[in-house]
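Colleague: Could you walk me through this model? I would like to begin with how its strands pair.

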Amino acid sequence: MYSAKDSDKYSKLSAQLIKEDVAKVKDKKVARAWIQQLQQVLNYHDWRYYVLNNAIIDDFKYDGLYKKLVVLEEAFPALRTADSPTQRVARGLTDDFNNVDHLIPMLSLDNSYNAEDLKDFEQRLQKLTEQTELKYCVEPKFDGGSIALIYENDMLVRAATRGNGISGDEITNNAKVIRSIPLRAEFSKYGIYKVELRGEVVIEKSIFKQLNVDRSKENETLIKAGKKPLELYKNARNTASGGLRAKNSEITAKRKMDAFIFQVGVAFNKDGKDMMARELKSHYANIEMLADLGFKVPQEEKLLSASIEEVAKFCQTWEDKRDDYHFEIDGMVVKLDDINLQEEVGATAHHPRWAIAYKFKAKQGKAKLYYVDYQIGRTGAVTPVAKICAIEYYDQIKDKAYTDIDKDTVLGLSLAGVEVKNISLHNEEFIAEKDIRVGDSVLVERAGDVIPYIVGSVAEERTGAEKTIEFPRTCLCDHQSALEKPEGESVWRCVYAACPFQLEESIIHFVSKGAMDIDGLGKDIVKKFMAEGLIQSIPDLYQLDYDAILQLEGWKEKSVNNLKKGIEQSKQQPLWRLLVGLGIRFIGGTTAKLLEKQVTHIFDFKGFTEEQLLAIPDIGPKVAQSVQAYFSDEKNLKNIKLLEDLGLNVSLQANMKNTTNLFEEKTFLFTGTLTTLKRDEAKQLVEENGGKNLGSVSKNLNYLVIGENAGSKLKKAQAISNITIISEQDFLELLQ
Ligand SMILES: [Zn+2]
């Protein structure tokens, strides 16, 4: 970023500027020169301090320079620029974050746990790319809050959280107070006009500790004043991701977060042309570029290697030293370095195929199980949930009735940076098999972001006071209906259709992010509305008594209007979201999208037999049976009809359909670097025109579309006579 010469220059300039009396400046020209110089030296010191962790100026001098810049900018406001270091100040309160779409989705990574898994990863890639020599880039998997940054014309224009991977919260003001994120970066020198970067916002371990020391001090004062003390921060990860989404950017600033940037998601040149895989060909080189532009990147922490054995060894070395590293990491990330190959292998519905997380081993801890609660799910399934606490806390609650315990203040088990208080016990058999009892010490394990689970009880620590767990035979709802367990299944269910627990869970599922994604309507609000008798079923959501809501505590005109807007907008959600929302068993987002394409109206499913459903690619017997059963039930159909009458979209929108049947029964495969289309766009064009994309060369292939530097796939295809080999241009002409 800065050369040794630059360093020398800015050191001298700093020393000189500190002596200047800026308050006396009257001349605009002089002011402009000084403002520019002050901005330059402050940016330089920020970089030394926040990116390199190697400051060459003390805080006092830094503050002195900063104040001079503030004074000058106040005297000459026209000279204040958007990328000035003074523009990093907290911007006060944000009411609601805008939800914004990422330029390209932020997919989560598939996991691996050992050298063997990495070997499999390599073999899959070798098969997909038909190449044996592959290069990998390895970096730490930082444990914090994910962030996406957009720079346009060299300026930071937008920052967003990961959200659901497709869209996240716009948090630009918060990102601006994170000093290792440059407000301006000279992408133009690489020919880049617009770029979306990926990174992780983290808090250094020592800073995290200090935050709690400070908070404890603050609490002493609060307690003395008779006020309620603040909760201590639980772990660095939640504190970082919470800080990113703080409504007040002053909170973000106080948490002193760092941002590691480790990926170029997508980049465009001045003409709007995608540069990925063309100008930007290597992931490793991209990181080097980001470092050069002043970003904090995993510089020392990364490895480029063509040997998966070396990659595995590197991962293991990091696993050994993770506790000594000054940031929390929960694994390593292994990425295929060649971006053209990344695009070639693409992604599944959930994960990119070209990257994998190497997860560090699970951490175990011991806790006390003090109670077993039962949750009734939306299908009536009864799940026992173990309530656990830290061993040292158990004495405080062991003699209390469960209802007398304030669950919020219970000290849970701290495991790999997360506080655990509730753990699923799955079902009656699980409890019996592991002989788990109330009052037991239990071993709890947690690997990465996997849900914690109970390994077993520590029988030798029993005192005789432990109680065996009696699984209930009736539902906990007011109806106390008998629970049923079909032959061969392990789960007890409440089959009472009007069971309030089930209804509540099904409404919560309906409004959730993965289903109808209704803005402003979450779990707690659904529970509140249920308790107030405002809703009893999904259709009730669309007939809410807003006047009554306005009377509820905490509701104001604005929040009621927002809710109304969110609910109104949800009526236009695509059909697949409704299919998920209805809670048909085994239907998640991916399956719903497959099903959606088979119909024009939701009631078309009435006519489908199990066999017809099974004929749909990727639909298995469980799903087929479940869909068939659901749409044969008169009650469900009535419910859907009601939703349709209330204005919900129940048909497939026109733009989702095939645009033509041009490529009907034709198969395509793209290889090499395409120059006009993106690989995804090309594949989409095939699908939109009724064709199918294949993953490899075989005699089932009709067209091989070759870009620049087409390799082994071209050779293979030339040997098969019925494959037509065409250029990208030919392909585009087919579409005319
Ligand atoms: Zn029930």
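Modeller: Strand β12 (residues 363-376) and strand β13 (residues 382-390) are paired antiparallel through 9 bridges. Strands here are DSSP runs of E with at least two residues, helices are runs of H or I with at least four, and both are numbered from the N terminus. Two strands count as paired if DSSP finds at least two bridges between them. Please note that this is a predicted model, in which local features need pLDDT of at least 70 and side-chain atom pairs count only at pLDDT 80 or more, while totals for chains, interfaces and linings use all residues. Residues are numbered from 1 along each chain as its sequence is written.

Colleague: Which residue is the bridge partner of Gln-375 in β13?

Modeller: Gln-375 is partnered by Thr-383. The two strands form a hairpin with 5 residues between them, and Gly-380 in the turn has a positive phi of about 85 degrees.

Colleague: What else does β13 pair with?

Modeller: β13 is also joined to β16, by 3 bridges in the antiparallel sense. There, Val-385 stands opposite Ser-424 of β16.

Colleague: What is the strand order of the open sheet?

Modeller: The order is β16-β13-β12-β18-β19, 5 strands with antiparallel pairing. β16 (422-424) and β19 (453-457) are the edge strands, each pairing on one side only. Ignoring direction, neighbouring strands are turned by 45 degrees against each other on average; such angles are taken between lines fitted to C-alpha atoms, for helices over the stretch in contact, and run from 0 to 180 degrees between N-to-C directions.

Colleague: And how many bridges join β18 to β19?

Modeller: Strand β18 (residues 441-446) is joined to β19 by 4 bridges, again antiparallel. Within that pair, Leu-443 stands opposite Gly-456.

Colleague: Let us change topic. Why is β7 described as largely enclosed?

Modeller: 7 of the 9 residues of strand β7 (residues 194-202) are buried, so β7 is largely enclosed by the rest of the structure. A residue is buried if 20 or more other C-beta atoms, placed from the backbone, lie within 10 Å of its own, exposed if 12 or fewer do, and partly exposed in between.

Colleague: Which strands does β7 pair with?

Modeller: Strand β4 (residues 145-152) runs antiparallel to β7 and is joined to it by 8 bridges, with Gly-145 partnered by Val-201. Strand β8 (residues 258-268) pairs with β7 over 9 bridges, also in the antiparallel sense. Val-202 has Asp-258 of β8 as its bridge partner.

Colleague: How many residues does the largest nonpolar core have?

Modeller: The largest nonpolar core has 48 residues, and those with the most contacts inside it are Ile-147, Leu-149, Val-201, Val-202, Ala-259 and Ile-261. At least two residues of this core come from each of β4, β5 (155-161), β7, α7 (236-244), β8 and α9 (283-292). The most is given by β8, with 6 residues. A nonpolar core is a set of buried Ala, Val, Leu, Ile, Met, Phe, Trp, Tyr and Cys residues joined through C-beta atoms within 7 Å.

Colleague: What does Val-202 touch?

Modeller: Leaving aside residues up to four places away in sequence, Val-202 touches residues including Phe-142, Ala-236, Ala-240, Phe-260 and Phe-327. Two residues are in contact if their C-beta atoms, placed from the backbone, lie within 7 Å.

Colleague: Where is Glu-130, and what is its phi?

Modeller: Glu-130 is in the loop between α4 (115-129) and β3 (136-142). Its phi is near 55 degrees, a positive value in a residue other than glycine. Glu-130 counts as partly exposed because 15 C-beta neighbours lie inside 10 Å.

Colleague: And Lys-256: where is it found?

Modeller: Lys-256 is found in the loop between α8 (249-254) and β8. Its phi is near 45 degrees, which is positive in a residue other than glycine. Lys-256 is partly exposed, with 17 other C-beta atoms within 10 Å.

Colleague: One last topic, helices. At what angle do α4 and α10 cross?

Modeller: The axes of α4 and helix α10 (residues 308-321) cross at roughly 145 degrees and come within 10 Å. The contact is made by Ala-115, Leu-118, Lys-119 and Glu-122 of α4 with Ile-308, Val-311 and Ala-312 of α10.
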